[in-house]
Amino acid sequence: MTTSITRPDFEVHPHLTDPLLVELLQPARLLWTPRELAELTRTVTTELTSGLREVLRFDEDRRWWARLALTDGVELWLLSWLPGQQTKPHDHGGAAGSFTVLQGELGEEYRYPGGPVRRRTHSAGEGIGFGAGRAHQVTGLGDAPAASVHAYSPPLVATREYTTLADVPAEIPPFPVILGR
């Protein structure tokens, strides 16, 4: 007798019970564009704010994060940033991405392969969707804690870290992308 284990079409953080989240995730969709990811993170931050604040934590020793949801097409994360906390320069290994600031202010240095390093500041309510080749470093700015919602498609693609954004090669080889879990 053979037993097979079936995974659910999606996973959602146990503290997020609003049915709107499952509707927004569209579990049957396998690939999201940067624009669709930006709309997802924007809607989650504006429509699910109270649920996000219940999950949100801050850690003085390291950046804090929690996965909010995972489908075969997208993963959704909540990250917190105390002033000065930052990522290492990295790309998302061939996945498109997005983030929207829930509270506070984030600084971002970013670069596309072969392009210049640029800087942006993102305040509460602001977000961006980006394509697969973008590398960036994100930093909590100001005096107040910040938080942001991030989405990536396809999900579960490993990031590549760099010493500096100047080290991003002119052509980034894609990681193999495997859809499904």
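## Salt bridges and ring contacts in a predicted model

K88 and E161 are both exposed, where exposed means over 50% relative accessible area, buried under 20% and partly exposed in between (1.4 Å probe, protein chains only). The model is predicted, so local features need pLDDT of at least 70 and side-chain atom pairs count only at pLDDT 80 or more, while totals for chains, interfaces and linings use all residues. Residues are numbered from 1 along each chain as its sequence is written, and side-chain values use heavy atoms, with hydrogens and water left out.

The search of the whole structure gives seven salt bridges, the term standing for a side-chain nitrogen of Lys or Arg within 4 Å of a carboxyl oxygen of Asp or Glu. Side chains of opposite charge can pair when their charged atoms come close.

| Salt bridge | N to O distance |
|---|---|
| R67 and E11 | 3.4 Å |
| E109 and R119 | 2.8 Å |

Strands here are DSSP runs of E with at least two residues, numbered from the N terminus.

R67 and E11 form a salt bridge. Because R67 belongs to strand 2 (residues 64-71) and E11 to strand 1 (residues 10-12), this pair ties together parts 56 residues apart in sequence. R67 is partly exposed at 32% relative accessible area, and E11 is partly exposed at 33%.

E109 forms a salt bridge with R119. E109 lies in strand 6 (residues 105-111) and R119 in strand 7 (residues 118-123), 10 residues apart. E109 is partly exposed at 26% relative accessibility, whereas R119 is exposed at 62%.

The charged end of R62 is 5.0 Å from the ring centre of W65. R134 lies over the face of Y110, 3.9 Å from the ring centre.

Strand 8 pairs with strand 5 (residues 96-103) in the antiparallel sense over four bridges; pairing needs at least two DSSP bridges between the strands. I128 of strand 8 is the bridge partner of F99.

Terms used: Lys NZ or Arg CZ within 6 Å of the ring centre and 35° of its normal.
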